[in-house]
Amino acid sequence: MKSLGSIRKDFAPWNDSNAKPYIQFEQVTKKFGDFTAVNNLSLTIFEREFFALLGASGCGKSTLLRMLAGFEEPTSGRILLDGQNLAGIPPYRRPVNMMFQSYALFPHMTVEKNIAFGLKQEGMPAPEIEKRVAEMLKLVKLEAFAKRKPHQLSGGQRQRVALARSVAKRPKVLLLDEPLGALDKKLREETQFELMDLQQQLGLTFVVVTHDQEEAMTMADRIAIMDKGEVMQVATPAEVYEAPASRFVASFVGNVNIFEGKVIERTAQGAQLAGANGVQILVENAGDAVAGAEVAFAIRPEKIRVSSKRPADAANAMEGLVYDIAYLGDMTVYHVKLDNGQIVRASAMNATRTTDDPLTWDDRAWISFRPDAGVVLTR
Amino acid sequence: MSPTWTRFNIVSVTLGFAFLYLPIVLLVIFSFNASKLVTVWGGFSTRWYVSLFQNQGLMDAAWVTIRVGLISATVATVLGTLGALALVRYTRFRGRVLFSGMIFAPLVMPDVITGLSLLLLFVAIDLDRGFATVTLAHITFTMCFVAVVVQSRLLTFDRSLEEAAMDLGAPPVRTFFQITLPVIAPAIISGWMLAFTLSLDDLVVASFTSGPGATTLPMKIYSQVRLGVTPEINAACTILIGLVTAGVIIASIVNKRREVQRLRDEQAAQRG
């Protein structure tokens, strides 16, 4: 059987009906005055999971995180952590720690003191604090900077201190609010992998809030896509990308071409769709779309082939004009304007240095794809 | 900017500075006058400084002023800081606009009115005028200055620092004393110094609210001047000017050094 790609081996508690949920949001609503930040949201996160909340700003993802940390109380609904209702427990008594977007390092304390702060609040004996701080400094490779103050550190170093400080207490859950937002691109990529290693090493549950889909895709076991205070889909990165639940999810994550159309015929495996201006699409796996239903067909650019002639074996092929070409080195992106006026984005890996079928601006071209290359969306 | 000095520039700068500093320079010069006549130069002497320190009345007044300043600045700093916290933090309580207007009103209120109304209050509640009433009055009118200084610092304070402290297990009170207070301390200190300075040179409010045995230095100087300016007063004023100048210079040097150090640290961090 064909399957979607997965990252971690043998880790899929969400598919196991016996798995015990670790964090549960049960019909949680949060209102600020008239504004509903989180709307009747239910969500389950499992132990040791790396969970990402992904959405545009203002979608309620940060509010969700802040409710888990205890800075906000839900207007209605409840939040359970390891079976315990968190209602009314102040932030300083919750077994979760947060890494702030601004890092929130205490400017008047050295790196060492920053990391020790949480441990001191616990009343941990001084020799143990010293040991733990040294351990944390080693973990984030900042041993040489123990005596520095935050303003004497670079952005990347501050981020590491913030991380060390938030994991020093060995919280049950680590909350990360846009943890890599303030770093430049290269550092961000490095740090993504470091965070993943760290999570494996410490065996913690991570809940990360981000607006950067690449970041979420890289790091998370599962992603919750949020919009207007609601969860649109919770799934693994591969599922979110290859089997989006709705038009919103399909277009929010990655690039996509959407053909609006109607189901004209359902077959055992798939369906025949009719789009605008005589476009006909044959698909497999049409889901629960019934004949006559208004649906959308979504297909990712890299699953579309562009060629100068109609491929003989193509189940789906449409003719158009090469409208734009962007050569990116590792791949080339084509914008093809179909004869019905729709612009389709297709991308081709440049697996070889030269091509037998060169295309250029304003050439007539065919786009083609297999029946299983895209998905039918009913929402 | 071109560094050329036109004649016009020179004249305007000279006039400007003369306007600002000539009176002060004259005062300092005449404090070293050997002659008893204030406006006639009789040679250099420090005798007025000696006689100043032997003038029990002036010394008593100076001591009263310092005590009033220390106590009122300290109390005003505590109250002003609390007021600023309330105004910045609890933005949704009823009557906030009224309250914030009220805390800043004394800033623009003429001293005469502040003094007079306090006097009426003290009379009404039958409080004997003296050291306590001057101190209370000074707390009242310096508090709002502290509140303004602290409030502007709090507006730029990153609340996530407090959230981080609480998240790490510090209850609100401990968070305040270990995180908030140290971070806003420079603003509180400048608020205190402002309050202290205002208290030191206040004449009007003190005149209204003071009583027997609680004459402050500005009151003393003013009353003596009415009987004729003595070189002793010049000496007292010169000492005050010296103290203030030294304070300002030290404060700016400390500030400058800290700034330079911070820049150097940040550059080191960028490299490291």
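**Cores, hairpins and the A–B contact**

Let's start with the core. The largest nonpolar core has 54 residues, and those with the most contacts inside it are Ile23(A), Phe25(A), Leu53(A), Leu64(A), Phe106(A), Leu175(A) and Val207(A). Its largest share, six residues, comes from helix H8 of chain B, residues 172–200. A nonpolar core here is a set of buried Ala, Val, Leu, Ile, Met, Phe, Trp, Tyr and Cys residues joined through side-chain atoms within 4.5 Å. Buried means under 20% relative accessible area, exposed over 50%, partly exposed in between, with a 1.4 Å probe and protein chains only.

A word on the source. This is a predicted model, where local features need pLDDT of at least 70, side-chain atom pairs count only at pLDDT 80 or more, and totals for chains, interfaces and linings use all residues. Residues are numbered from 1 along each chain as its sequence is written, chains are lettered from A and ligands numbered from 1 in the order written, and side-chain values use heavy atoms, without hydrogens and water.

Back to Leu64(A). Which residues does Leu64(A) touch? Phe25(A), Val38(A), Leu41(A), Leu43(A), Leu53(A) and Met226(A), not counting residues up to four places away in sequence. Contact means heavy atoms within 4.5 Å.

Now the interface. The contact takes 27 residues from chain A and 23 residues from chain B. About 2,200 Å² is buried between the two chains, and carbon and sulfur atoms give 60% of that. Buried area is the accessible area (1.4 Å probe) that two parts lose on being put together, summed over both.

How many salt bridges cross the interface of chain B and chain A? The rule finds one. Glu163(B) pairs with Arg66(A), the closest N and O atoms being 2.7 Å apart. The rule asks for a side-chain nitrogen of Lys or Arg within 4 Å of a carboxyl oxygen of Asp or Glu. On the chain B side, H7 (159–167), H8 and H11 (231–271) each give two or more residues. H7(B) gives the most, with seven.

Last, the strands of chain A. Helices (H or I, at least four residues) and strands (E, at least two) are DSSP runs, numbered from the N terminus. Two strands pair if DSSP finds at least two bridges between them. S16(A), residues 316–327, runs antiparallel to S17(A), residues 331–338, with seven bridges. Gly320(A) stands opposite Leu338(A). Three residues separate the two strands in a hairpin, and Gly329(A) in the turn has a positive phi of about 95 degrees.

S17(A) also joins S18(A), residues 343–349, antiparallel, through seven bridges. There, Thr332(A) has Ala348(A) as bridge partner. This hairpin has four residues between its strands, with Gly341(A) in the turn at a positive phi of about 100 degrees.
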